[in-house]
Amino acid sequence: MAITDMEEDYDLPDASLAKEFYAKYEPKEVLGKGISSVVRRCIEKQTGQEYAVKIMDVTEETTSDVQADEVTYAVKKEINILKMCAGHHHIIALHDTFESSTFIFLVFELCRKGELFDYLTQVVTLSEKRTRTIMRQLIEAVAFIHDKGIIHRDLKPENILLDDNLNIMLSDFGFAHVMAQGETLTDLCGTPGYLAPEVLAVSMYEQVDGYGCEVDMWAVGVIMYTLLSGHPPFWHRKQMYMLRAIMEGKYKFGSPEWDDISDPPKDLISKLLVVNPKKRLTAKQALEHPFFKREDVLSISPSMLQTVPVKEFNAKRTFKVAIIAVLTTFRIRNLHFNPPPISIDTIKHDPYSVKNFRKIIDGCAFKVYAHWVKKGEEQNRAALFEITPKMDLKVAQNSHSQEQEGNDSKDYQNLESNLSQPELLQVPDPRQYKNRRTESERRNIYQKSDDVKFFL
Ligand SMILES: Nc1ncnc2c1ncn2[C@@H]1O[C@H](COP(=O)(O)OP(=O)(O)OP(=O)(O)O)[C@@H](O)[C@H]1O
């Protein structure tokens, strides 16, 4: 595909600055844009194989030499972690890397279906079956990295990519860290709606221990809740309320969106969204949960089959099962073609309680809000789950803070102001250093976005 005028903002690095990359790869169209990078499809000249290349500019005019060094250091740390994770089916594979004095190129396997987040905006919610497949793959990836002592710290649907067969690939290890034996962390980093209570606690109270790998399992719980219901468990228009809800682990399986969902997924979520990290399920324990047991029969290997005792044929039982199956099929068919009547009153007063209407309403809502979360500099993914425009939210937040000053604890106010002042960023987060952007533009972006990643 030709590189269009619309992409002129995303200029390709000059050939003289990235000779090695151009010698091996042919860059193609832009696939997406992160805060610090542009991702393009590219073709490996020798093999004709397609990949995705993440191009990071480390020469922004406003970036000092020290910051450029920090960015390079942070990317190298990410590369090392990606190499440690090589070979797992559900972790993005890093194929190649190039570094010039001005750009860093990371060549990844290509995930054509984009982010799980975008998939979710199209389908609104996922079925239990689809959720089971995705969550199993995600938790297997998390179990794998935890086994190696790696903590991800930014698990969310935006960082989960989908391949052609809708299998997941865990990506974006920008905040990942290899934990030393017995180490705990105290950095406040991640994305607000997915932060575990203990991450918030370390920046609120001095006497609190650091946090560990358990924070990823909290985020796994938030993701699972979001996939099944179409909205996150702790979101609140006023950030301070959201933080409180997270700290207290207050969320609910509200009606009607959870009415048709069975107990096992709810039980698993409730064992992940546990405030005390020591009582939260680990990745390995989560994989043992009954929610994942149903499909296990399908994954029995031939060698295991030999050890499974064969049941004796019982004609009466087989006949009975066949009759039940036929009757059930008729009932389901009947219900499909002759659904029970819905009263006009119900539709008038509570259309959302009727499943079909609910799907239509949700679909429309997502269509309206989705344009706010399109990729690009102004992306604001948190807005997907909001009902007020972002700038109003900012005003509402400010006036709310004033109103509540007397009531809300100082700790929460401090924490909230930390979260909403990413300009306090100190640590080498490559995401700060946007391609050729002025300081005021950058500030504007952060102010508009609740989804800003922070690292204090
Ligand atoms: N391997 C890939 N295959 C296909 N598309 C990709 C791949 N990697 C990234 N993308 C697309 O490019 C976009 C930007 O990717 P990137 O990893 O830079 O995103 P980000 O995590 O939002 O950025 P940042 O880490 O700078 O905050 C993603 O939203 C995704 O849609």
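Is Ser270 buried, partly exposed or exposed? Ser270 counts as partly exposed, because its relative accessibility is 30%, which falls between the cut-offs of 20% for buried and 50% for exposed. The structure is a predicted model. The points below cover the ligand site, the salt bridges, and a few individual residues and elements.

**Ligand site**

- The ligand is surrounded by 22 residues. The closest of these are Ser37, Glu109, Cys111, Glu115 and Asp172.
- In the side chain of Ser37, an N or O atom is 2.7 Å from an oxygen atom of the ligand.
- Asp172 places a polar side-chain atom 2.6 Å from an oxygen atom of the ligand.
- Cys111 contributes through its backbone: one of its backbone N or O atoms lies 2.9 Å from a nitrogen atom of the ligand.
- The ligand taken alone exposes 610 Å², and 91% of that is buried by the protein.
- Strand 1 gives the most, with 3 residues.
- By residue class, the shell around the ligand divides into 9 nonpolar, 5 polar and 8 charged residues.
- The ligand lies between domain 1 (5-109) and domain 2 (116-295), because both domains give residues to the shell around it.

**Salt bridges: Asp96 and Lys24**

- Side chains of opposite charge can pair when their charged atoms come close. The structure holds 13 salt bridges.
- One of them joins the side chains of Asp96 and Lys24, at 3.0 Å from N to O.
- This pair links distant parts of the chain, with Asp96 in strand 4 (residues 94-99) and Lys24 in helix 1 (residues 19-24), 72 residues apart.
- Asp96 counts as buried because its relative accessibility is 16%, under the 20% cut-off. Lys24, with a relative accessible area of 36%, is partly exposed.

**Salt bridges: Asp164 and Arg112**

- The side chains of Asp164 and Arg112 also meet in a salt bridge, 3.3 Å from N to O.
- Asp164 lies in the loop between strand 7 (160-162) and strand 8 (168-170), and Arg112 in the loop between strand 5 and helix 3 (116-123), so the pair ties together parts that are 52 residues apart in sequence.
- Asp164 is partly exposed, with a relative accessible area of 42%. Arg112 is exposed because its relative accessible area is 51%, over the 50% cut-off.

- Arg153 and Asp187 form a salt bridge in which the closest N and O atoms are 3.1 Å apart.
- The two residues are 34 residues apart and link distant parts of the chain: Arg153 sits in the loop between strand 6 (150-151) and strand 7, and Asp187 in the loop between strand 9 (177-178) and strand 10 (189-190).
- Arg153 is buried, at a relative accessible area of 7%, whereas Asp187 counts as partly exposed at 24% relative accessibility.

**His177**

- His177 is found in strand 9. With a relative accessible area of 16%, His177 is buried.
- The side chain of His177 makes a polar contact with the side chain of Lys77, at 3.2 Å.
- A polar contact of 3.2 Å also connects the side chains of His177 and Glu183.

**Helix 3**

- Helix 3 is mostly covered, with 6 of its 8 residues buried. The buried residues are Leu116, Phe117, Asp118, Tyr119, Leu120 and Thr121.
- Val124 follows helix 3 and has a positive phi, near 70 degrees.

**Ser270**

- Ser270 belongs to helix 8 (residues 263-272).
- Ser270 and Gly221 are 49 residues apart along the chain, and their C-alpha atoms are separated by 7.9 Å.

How values were computed:
Residues are numbered from 1 along each chain as its sequence is written. This is a predicted model: local features need pLDDT of at least 70, side-chain atom pairs count only at pLDDT 80 or more; totals for chains, interfaces and linings use all residues. Side-chain values use heavy atoms; hydrogens and water are left out. A residue is near a molecule or strand if one of its heavy atoms lies within 4 Å of it. A polar contact is a pair of N or O atoms within 3.5 Å; within protein, one must be able to donate a hydrogen and the other to accept it, and residues adjacent in sequence count only if both atoms are side-chain atoms. Accessible areas come from the Shrake-Rupley method with a 1.4 Å probe; for residues, only the protein chains shown count as cover. Helices (H or I, at least four residues) and strands (E, at least two) are DSSP runs, numbered from the N terminus. Ala, Val, Leu, Ile, Met, Phe, Trp, Tyr, Cys and Pro count as nonpolar, Asp, Glu, Lys and Arg as charged, and the others, Gly among them, as polar. Domain bounds come from an automatic or database domain assignment. A salt bridge is a side-chain nitrogen of Lys or Arg within 4 Å of a carboxyl oxygen of Asp or Glu. Buried means under 20% relative accessible area, exposed over 50%, partly exposed in between (1.4 Å probe, protein chains only).
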